[in-house]
Every structure is written in structure tokens, then in C-alpha cells.
Amino acid sequence: MASHFESPLREPLVKGNKTYKQITTDIVRSTTGELQNRWIFWTTISAIVATFGVFCIAWEVVFGIGSWGANKTVGWAWDITNFVWWIGIGHAGTLISAILLLFRQKWRTGVNRAAEAMTIFAVVCAGLFPVFHMGRVWDAMFIFPYPNTRGPLWVNFTSPLLWDVFAISTYFTVSLLFWYTGLVPDFATIRDRSKTKGRWTFYNLLSFGWIGSVKHWERWESLSLILAGLSTPLVLSVHTIVSFDFATSVIPGWHTTILPPYFVAGAIFSGFAMVLTLMIVARYIMKLEDYITLAHIESMNKILLLTGTMVGIAYLTELFTAWYSSNQYEQHQFATRAFGSTYAWAYWIMMSCNLISPQIFWFRKFRRSIKVTFVMSILVNIGMWFERFVIIVISLHRDYLPSSWLYYSPTWIEIGIFVGTIGIFMTLFLAFCRFFPVVAIAEVKSILKRNGSQAKAHQLEEVADQEVYKSVNKEELLQYK
Amino acid sequence: MSNKKYWTSLDELNQTPAYFEQANQEFSLVEDATESIENKEPNRRDFLKAMGFSVSVAAVASACQIPVKNAIPYTFDLRNQMPEVVPGVAEFFATTYYGSADFNSILVKTREGRPIKVEGNPSAKFFGGTSARAQAAVLDLYDVTRLHNPVKANKKIDWKKADAEIIKKLDELKASGQKVVVVTNTILSTITKKAIEQLKTTYANVSVVAYDPISQYAIRKASGGIIPAYQFDKADVIVGFNCDFLGTWMNGTENAAKYVTKRVPTPENPTMSRHHQFQSSMSLTGASADYKYPIKPSEEKQVLINLYTKLGGSVSGAKDFSNKELNTGIDKVAKELVAAKGKSIVVSGTNDVEIQSLVNAINATLSNFGATIDTSNTLNFKQGNDEALATLASELKNGAYKGIILVGANPVYDTVYAETFKNALQKADLSISTADRVDESAQYCQYVAPNSHLLESWDVIEPRTNVYGFVQPTITALFDTRQESASILTWAGNVNVAIDSLVQAEIASVSGLSYSEALQAGFVDKTSGIGASALPGISTITTPTQPKGMELFLYEKVAIGDGKLANNPFLQEMPDPISKATWDNYILVPYSFAKENKIDSMPADKKVPVGKITVAGKSFELPIVVQFGQAQNTLAIALGYGREKSGNVGSGVGANLYPILKNNTNSVDGVTFELTGKTYNLGLNQTYHTLMEDVSLPGKPLRYRGMVVKETNLASYSKSETAGNEDREAIQKHLVTMYPTPKFPGHHWGMLVDMNACIGCGACVVACNIENNIPVVGRRQVFRSQEMHWLRIDRYYNGNPDNPDVSFQPMMCQHCDNAPCENVCPVNATNHSSEGINQMAYNRCIGTRYCANNCPFKVRRFNWLDYQGNDMFGSFNDGTPGWGGSETKDYMFDSLTRMVLNPDVVVRTRGVIEKCSFCTQRIQSSKLDAKKQNRKLQDGDVKTACQTACPTNAIVFGDMNDKNSQVAQTLDSGRNYFLFEEQHFLNHVGYQVKIRNKDEESQRSFFDKEG
């Protein structure tokens, strides 16, 4: 009967028997303001939170880092914890768009656009912390190697913080380009459906006058592949370099060679958790259940299980290394982490959220449960935040000299800045949902599996609704289906 | 092809040598050009160019308003007017710092006429060390609370008018036969004493009462009116009873300097004195002792009776304690004292006549008088008479005195008779105070005749018979103040007294030297021999009474003392050497008591519980600090706090315990204690886990504690020079690296700290603060661990927490040659000098704090807020960084206080890291001096601020490349070790193994015993 056979065992990647036109309609819908009320509500809340964050940052810049709880022993606390957390979250987007593209994982098309957007916004939030944790943020440009009249005085190329500057700015640039490249044909689609001149001009500008010629498509495909190739090593390098901030130091608990792979696995782990959180919310708000399906969620849950276990193994390896190395400082550090009276609770939150709880995803039932997945994604986000807190604060608060051992607790300004970045992130994400196509229209269409009979049936349904055929018996028409 | 040759000149054509020379010169044209400028007279065009430029520059410059900044107001030709003052070159003046229990011969460093730093006077030997109080004295000079002029009823008055009115009143009182009393504290000044005598001669109705807030009257009473001078450099066995003779008792600096001469064994002479300390709470002195015996204040007399009996003295009432350790301790002490007859000292700081006569009797039995205790060159400290004070108080109640003159005394604050004095002052016909501020007593006086600061005064100080310190002004009086001796002399009838010539005559007469020689020396010691006169024997010794309930031990803190110095922010912020707390007084509770009451002995977050004690109907709510080594069932609280009128720094800090100081004894019984359930944010400088146990494995010592503090006992040291430091050889053998070791061909600066010589007094901490313009941050910031001290003294305990051993470890930047901080700075703001100094370029620092994180010693300090110059923060004790904080407990926010800043050291801005620089400004200036004198830099030319401040010479600094330097020689000693040497930081601050004169090896940790 059908010319194209699709295995009934494999779930379709797009559900609801969509036609190409329906896909366009469904996805462009959000950019036309059809879902305005929900959007205004959530954006207002996010913007208020973001404003509070900006206020806290302003407070810190005006009055000094002394408004934070950081102290003579714990010089980095929530600032760098948040930085590493956000950077980690920013990993899933590139992984989905680049590595999964190279591996021909077709399911990625449903979520890659939003995941890439999330990456960009997460890196924006992450970038705020290294800038505003500086005591003299007004001299932040000192960190760039630019020709100057002071000698010239160059930056210190042995400092991992400098490597961070390069790694993160490169990552941000490539991710942004990649994301935007994908958006170009979709902007053209929105432009073509726009009803006002202004809207047309706006999206025409964004789409660089895309006309969908074969040449355009051909170049677009090549560029996507090149950028995918460029981003792939970046997925590994960014968090590796972030981990060097710690790995190259002398502080017990930081000074370990396992940190790079451990950080990369952790980043993917937290990134996917954040993608899940956002997707579950977005598919509900934007009514995208047909495009972001349970199959997507299940796939991502499998990745969570894998990376969570990898991270867990890293935790256990650290303990083993401390014991096996006979390094007394290292042993003391890890004993403090796990059993110390000050922050052991943070360690166990990390352990239970990151290593223990993802193990429920061995069960298909939980992998396919929206509720369980949502709770789990939040837990992993919390767990991964604590992982960074454990590494940074616990290692610092009791290092070599017992005389300097101290406790750290944050002030409302530090908390406010963190909460504020969540607000900034959500505001940007919601703006993206409102004005940009949330799902990659062109790419989703490429994976739509349709055969002749399906198309014909669909056409007939549409025809039956038309005025001209009102007189004809509908049942009669549909018998050809 | 043509063979034509082109030529540019005849020279070229002829190929003359001149041509070749010119043609080979690359820049011949340029040279020509410069020559023409140099040689030629300016022509018309040049003139027009220059005119055009300067006119336009002048036009532009005059168009912009350039703010005028007043720097040094030397508007006249300085070299002619004051040839000795060279801008940029420091002047040193020999003078004296003194208090009722302190005496330091000092050199005051002035820059452009401003005193900015106190240094020890090296020629004064044992008197030439400094204490934290002496170091902080310069800041008192610039105290904004000081009165700017004499005051009558809170209104400004001029001296002439005030004097006339006072003299008129005095005459009236004399005529009507009314009595006038002069109330003083201890007066060490011979000038003031003479002035008071003269007042008494002029006015027969004047009598004098001297008292001390913290009294030692019992010693004088038991010793026939004298306080003998204890010579700790002559004693092999020292037994102290609640006597903080290295710190707050009296004459701490001289005692410490002498004490240490017998505390540092060398391989050639592996001996040291043995020090036993019976104490109710851990004191600075107790921390240095070899054996410590925690006793309740009420037990002291019994201990002395037992000891005296054991030494063969005839006294009744000897009774063994139920505490067996104490009994064996007394046996041991008795045995050692007998063995060291004539070479021992027994000393008590308890203000109790019977105790002091027992002490004298014991010393007499041991033939110490004339050997280790000098009865002829006696101490002049603590001249207060408790009985006279009590009599005065009862007479004042009856209204016996119509005139009260307070000379340096503040009885409304620091006596139990506060109410009596307050009423008497208000009712008196004439009441005068010479306080330099309107203090608790002066506020009730009709006249306040403000005394000048000692750095503005002329004086002769006699701390010990035949020992004189001279005081000369280092600056003209900042305000319209007059030193108290001049005031008194004026009132005694010597109008227009010239105090300077008076003092100059006195200096010449007492010193036996020429006036200028004496003034330059600043100090004469004319003592000879040791007096051995017998002191009065024991009268009756009553049986010790049983105390009721808990006992409260009242002590004095090393920094603040009796409360006079409460307005000095450096002293307020100096961590107490023992408790490491700043800015407050608190209830010290023993460890056993804390365990019983479930008080967290080590609150990680510094939120300490608040306790309430009630004694004699008075209640005090104070934070609780657990003190290891404190006697059971005994609480301890520091006096000198709770000032109400000390000024914007000290007022309202802590609670005033003087109202319960009955009979001036340092303890009371019948104290009830309860926990309030509240917590207090205490400014602790060093918090928890100073016992160095493994936090994760309770019951085990911290595994690497031996890498931090190394210690041994004398017996082991006399066997092997490397005792306690045995692992160093193995560590050094394993220091293998594939990287080249840094080389320092010129100087290579290093520092060594002798942990045996260090008594933990904190003078170096304050010296470092002042030398390096280190900001004071306030209690709130210390609570948040955002203090700025570049140099700190780490205090560690080990052994039994009820009676632990104490180690002090001064900790500053270790100047690692392989510094972890240097390679992590993204902007190269910290780097290594060619002389091995880890340096900071503040201007380059952007404040990532990465270096501070990566410092294994945590000595890098971050400027969290704008400490010096931003008045946005208001108060640093109560204000939050941000909007709010309205109180002005500020420091450095006014131009007067900023005068104390050292112009050689940059004042750091907010947001940069700073740390110990090895006093790089001193190194630089010494180098320049040597260069000017055309010689090599010698060992001892450069001395860091901490080094010169140290009364016990525990800190040595110098060039490690100079084989003859003290540093290089000690570097190879068996005692020397570097912290975490196996980590290969190549740090260059070495520590000498702590040696205790104990028979047994010190316990590694108390958990060895318990766990």
C-alpha cells in the first residue's frame, strides 16, 4: 500500500501527523503574539528578578566586594560557583547541535534550537561573574592582551584565568554563529508569512534576504557542517579550561588531574538537565508537545544517566586517589568534604543529586514520565550547583594552615546576583520564544516521514472543508482516503 | 650599458677618506640635525615656534581650572629655615613611651614634621623593645576626640582666663580652709611630681591621692612601700602566680627582653630557664610557660602556703589539694626552687597583701633578694594606694573636699566608687580634670585643662630608681593643649612657666650627661649592682576562705590595658594574643565548663553564644569565648572595656567590669552564670580548630600538624640539634624538580622567626599596621573575616584542652621563590623581584583574588571596601557596607588621622590585593643610603618594622646570600624549618623549632590521650 514503510516499533520523531504547512503554522504561531498573555506574565516576573540582579550587581560595584560574604580565606565563593554552573549549563546546546549533528542523531532537530539559545544565554550569565567578581571591574580590560603604553605590559599567559578569557569568548562566538546560521532560513519563513510591512522588513533583515535558492541551501548546509566541526572540540575545551582554574593550583581538592574530564562530563550532565527543565516548560507553554516528544525526553534522560554516573565515578575516584596517594593534605581535604562539621551537608547534597538520584533512569517508566523528569532535572541542577560549591568553597575554607580555616556564608547581595542571573536568563529565553522560531522549522521538516497515502488523506480532509465541495457528500469524498 | 659614474660631491668623486667615513655612518643626517640645534643660536623661526607653542599651551592651561591641592605648606625656603628637615628624609627623635605599667625608650620617626612611627631605641638595651601600646601611640596623637582647647562647662575658654579663675578659686578655698584633693594615677614623671609638690606648698589645703585602676598596692604594702625589680635574665627557675609579667603586669617589655635571654638554647649552650605558671586563665605569660597549673583565684594562697611549707617555711595551714596533679606540681616546683637557690624568682600579680608577703617570704627563703630580685633600684610603676582611695571615697561622701583636681585620673570610669566621685565632682566648688578629652569624669568637671600628648611634651620619666627616660616633643602641640605638669605649676603660682627649660634642666641634672647627649640618648640607666635589703617578714596568714559559687577572674588585655587606650583603633583591632578576639571583652569560660553547658567551643561562623553573669547584684551580658587552660569553675573577663566617653572608636565597646572590682583584687566569687540563648557576632581573628585535630576524624590529630608547628623538649634538643626537625633532611632529599631553580645573584632576602623567642605579644602586628598604612576595618569586618593585617600571629594549642601547651607562629608573606600566587595572576600584578621578594603592583591588580586563594599561607589581603577615604560607610562597627550606617566610628576618614600615614607606602585602593612586602620601602631606603656612602649594604642595615618592634628579637631579617649575615648563619641551624617545605614552594620565612623545657616530650595532641 504505502511506498514508504516506517517501522511501527520506532516512534515517529514528530507526532500528530503533521504536514509541512502545519509545522510552519505551529512554530510561527508563537512569534505572531498568539500566546501573548502567558508570555507577558512570565516575562514580567523574569524581568523583575533580572532587575533585582542588576541592582545587586550595581550595589557590589558601588560599595565593593566587601558586601559579599567572601573572606580572607575563601576568596571565591558564590561568584565562581555560579560562573562554573552557568558555563556547564551552556554545554548542552553545542553538544546537541554539533556533536549530535555529526553523529546524525536526527532526534536532535526538535530541541536543538532552544538548546542552542539556552547555551548563548547561559554563557551570557556566566560571563557576568568573572567580570563582576573583580575588585576593580573598571579595570577589567587589563585582562586582554592589547598593545599599551605601559612597557608594553602583557597579560600573564601562564594564568588559567587568562585561558578562560580566550576559551569562553571563543565558545560564545562560535555558539552564537552556529545558532544564528540555523535561524536564517526560519527567519525567512516567518518573513514570508508576515502580514505587515514592518514585520516583513524586520525578519527580512534578520534572514539576510534569504530566498531559499538551491545555492543558499547548499552554502547553508556546508556552513552548518563547518561550524559543527569547529564547535565539537570547543565542547571539550571550554570546561577543560575552566577546570584548569582549579587543577593547576596548589590547593588540596583543586590540584587534581581528574578535573578536566570530570568537569566536561559534569557540564554535559547539567546542560542536559537544564535543557530538560526548559523543554518541559516550553512544550507546555508553547504547545509544542508534538515536536518535543516523550522520545526526546527519554533520549535526554539516557544521557543524564550516563553523564551522572560518569560524574559519580569521578567523585569516587577522587576519594580513592586521596586515600591511595597517601598525600596527607589531600586526605584531609576529602575527609573534610565528606565528614567535616562545616560543609558535609553540601557534599551529600551533591552526591545524592548527581550520583544517586539519576540511577532511577535505568527504568523506562521513569525515563518517560514528565513529572519525574522535571523533578530530576531540577535536582540535577541543584546537585551540579553544589558540586561547584563543594569544589570551590570546601577546598578553600580548610586548606593548609589551620589558623586560617574559616566558615563562609553568603550575603543577600551574593544570593541576589545569582537569582538575578536566573532572571536575566529567563528573560532572554522568553524573548527568544516570543520573537524567534523555537524549533528549527527547516530541520524538523527534513525529518518528517510522510508517504503518499498519508499526504493524500490529509489533502482530502482539507479539500472536504472547502466551500466548493460543501454540496458533495463528505463521507463520499473521504472514501478515497 | 653606460659606465657613467654619478657623484653627489667632490669628495665622492675623489673617494676621499672623509667621504667613506660619512657614507658608512648610518644616521649621519640625524646627527647633523642635532648638531645644528645645539650649536646654532635660535633663529627667528625657532623663536616664533617656541612662542606659538608656549602661548597656546598657556592659553589651554589657563582655560582649564586646575584644582589647588595643599600638600606640605613649606612656602618658605626650607633649607634656610630648618636645615635639619629635608623633605622626604625621615628624622628620628629619642623619647619615651610610658603608661602606669609601661616604659619603653623609643625613637619616633617623623616625616616633614609629622610623627608617623615608633621604633625601639636600640641603645636602651632591655628597655628598647616596644609593645603594641607603644607602637600604637602615634595614632593617639592624631585622635580626633582630643580636646582642641581648655573647656569650662562644655564651652571653650582660653588658658589665661581659665588659669585666673582656677587660681582665684584655689585662693578662696585656701582662705576658707576648705580641703582640695588631687587625684592621680601612677605618676612616673619627676616633673609632674615636683609640680604637685609645689602645688601642695602653695596651697597647704591640698592633699594628693594616687590610685591605679588595676592595682598592685599589695606588693608595696607587703614589701615596705617598694616594688622590687625582678630580673628575669638572672633566674633559672621562674614561678609565676597569676602574674602576666611579660604582658600587662608591669614593665612587660623589659621583663620580656630579659626573660628571653634565658629561653633560647643554642647548640653550644643547650640550657634554658624553666618557667612554671600558676594561673586562673591563660595569659600571655602563661602561654610561654613550660608548666602550667590552672588554679582558681581562691586557691592561690593555699598553693603558696603549701609551697612555702615545702620549702621549709614556718606557716600554718598547709593542706593538700584534691587535685593530685596540682600537688605533684607543687612538689616539683619546690624541688626545683631548692635546687636553683638564688637563681629563681617567685612572683605574683595578685593584689593581696598576704599572698605578696608569702611570695616575699619564699623569695627570701630562696635567697633571691640581691641575686635575682633588686630591692634598691625598685620599680616606680603602680604607685596607687588602695586604702587612700577607699578613705578618699568615704570622705568624699561626707563632702569633705570642696576642690577636686583629677590629674590623668578617670575615677568615674575605673573605680568602684564611680557614683561617689560623680556626685562629689558635681557638688565641688572647684573641679578640674587634665584629661585630653571629655571622659567619664571630665564631663562632670567645671574645667577641663587638656593635657598634651606625650609626643608633644617635655618630660623626665623615672620608671625605676636610677633609670630615666627623657621625653621630648616630636611635633608642636597640634591643638591648644598644655601638658599637665605645666598646668599644675601655673596653678601653683608659676604663671608663664617655661616647661621646656625646666625639663631641660632636669634632664641635665639627672642624666649626668650634657643636655644634648642625654636628649639624643633618650635614656640613662644608672643602676649598679643589685640591692639585697630584707623586706618585711610575714605577719599573719589567715586560712584561705572557701569561695562561694563560681569565681570571676578579672584581667587586663595586652592591647587595651586598663581602658585608657580604648580609643585607639589599632589596639582595638589587634587580636588578643590568646583569645584572638578583637574589639570586645567577653566571658572566658574553661573548656570543661563549655562541655557541661554544651557551649560550642569552636563556633565556625564566629556567632558565639551570649552569657549573662550576675555578681553582687550587677549583671553583664557578654559574648562567650572558650579558653583552653582556664581553671575549672572560673570565669574571666577583661577590664578596660565599656568606655562611655572615650571617643568615637572606643565608646560602647564591651562592658565595664570596674564596678565589681572590690578592694581592687582581681577576682570575685559568688558569680552566677546563665546562657541567654542569644548569639553575638564576635570579631575573632582566628577561629576554630586551633587544637589542630582532624576535623573529619574526631579523636585524631591533624595529620600534617607537624608540618606547621614543630616542637621538642630541651632534653631532646641537647642530644640532637635537629630534635623535632628530623624529617627535614628527608624532605630536602626528596625535593627533586625538573624545572630550573630560581637564582638570585644579588641580594636574596629572607626572614627567620624564632618560635622560642616569640612570646606572642603582638607588637609586630601593630608595627606592621602603622608602617604599611594597613587599614583598620572594624568589628563587623573582622567578624566577616575581611580584616587586613599583613602580619598575624597564629596561636595553636596542643595537649590536654584543660591545660594545653601554646605555640605562637608569626605569619606573614613567605616570599616563596616558587610562589603559587604569582603564576595565577592573569594580569601579572604580582611577580618576583630579582632579590627574591614577592611583590605587588597595586595599580595593575584587578582583584580577581585568585592569588589569595592559591596562597597556602593565606597571607594575601583583599581591599574589600574603600577603607581609607570613603565616608560612605559611616561606622565600621555597626554600619553595613552600603547605604545606612550613620554612626561615625570612623578612622582614616578625616584629614587629621590620615597624618599618621607613612608617605613611603602607597595607600591601596578598594579592590586590590595587598600583603607583606618585607618592608620593601625600608630595603630601598637602606640601599640608597649605602649607595650614597659608597659602600656595600651590610647585615643589619635593613630592618623590617616587625623586627624592630619585637621586644625579644624573635624576628631576624637579612640577605641570605651574605654568608656573614645572621639570617644566613641561622638558616643552616638544626632548628630551622620552612612550612610545607615538601610542597616546594621555596618559601623564605624560616621558623625555629619550638623547644619547651619539659621533662617529658610534649603530647602530639590531646586526642592522643582521649581518643
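A residue is buried if 20 or more other C-beta atoms lie within 10 Å of its own, exposed if 12 or fewer, and partly exposed in between, with C-beta atoms placed from the backbone. This is a predicted model, in which local features need pLDDT of at least 70 and side-chain atom pairs count only at pLDDT 80 or more, while totals for chains, interfaces and linings use all residues. Residues are numbered from 1 along each chain as its sequence is written, and chains are lettered from A and ligands numbered from 1 in the order in which they are written.

**Exercise 1. Describe chain B, then chain A.**

Which percentage of the residues in chain B is buried?

Step 1: Chain B has 1011 residues, and 55% of them are buried.

Step 2: Chain B holds 33 helices and 39 strands.

Step 3: Now turn to chain A. Here 48% of the 481 residues count as buried, and the chain has 18 helices and zero strands.

**Exercise 2. Explore two loop residues of chain B.**

Step 1: B:His815 sits in the loop between strand S31 (805-811) and helix H28 (820-824) of chain B.

Step 2: Count its neighbours: 27 other C-beta atoms lie within 10 Å, so B:His815 is buried.

Step 3: Look at the backbone. Phi of B:His815 is near 45°, a positive value in a residue other than glycine.

Step 4: Repeat this for B:Phe918, found in the loop between strand S35 (913-914) and helix H30 (920-932) of chain B. B:Phe918 has 25 other C-beta atoms within 10 Å and is therefore buried. Phi of B:Phe918 is near 60°, again positive in a residue that is not glycine.

**Exercise 3. Describe a helix pair.**

At what angle do H12 and H14 of chain B pack?

Step 1: Two packed helices are described by the angle between their axes and the distance between the axes. Axes are lines fitted to C-alpha atoms, for helices over the stretch in contact, and angles run from 0 to 180 degrees between N-to-C directions.

Step 2: Helix H12 (residues 300-310) and helix H14 (residues 353-365) of chain B pack at about 25°, with axes 10 Å apart. That angle makes H12(B) roughly parallel to H14(B) (under 35 degrees is roughly parallel, over 145 roughly antiparallel, 65 to 115 roughly perpendicular, the rest oblique).

Step 3: Residues are in contact if their C-beta atoms, placed from the backbone, lie within 7 Å. On H12(B), the residues that meet H14(B) include B:Leu304 and B:Tyr308, and those on H14(B) include B:Leu358 and B:Ile362.

Step 4: By class, this contact has nine nonpolar, no polar and three charged residues. Ala, Val, Leu, Ile, Met, Phe, Trp, Tyr, Cys and Pro count as nonpolar, Asp, Glu, Lys and Arg as charged, and the others, Gly among them, as polar.

**Exercise 4. Study where the chains meet.**

How many residues of chain A are in contact with chain B?

Step 1: 54 residues of chain A are in contact with 55 residues of chain B.

Step 2: Helices H2 (36-63), H6 (160-192) and H11 (328-339) of chain A each supply at least two residues of the side that touches chain B. H11(A) gives the most, with eight residues.

Step 3: Sorted by class, this side of chain A has 26 nonpolar, 23 polar and five charged residues.

Notes
Helices (H or I, at least four residues) and strands (E, at least two) are DSSP runs, numbered from the N terminus. Two residues are in contact if their C-beta atoms, placed from the backbone, lie within 7 Å.
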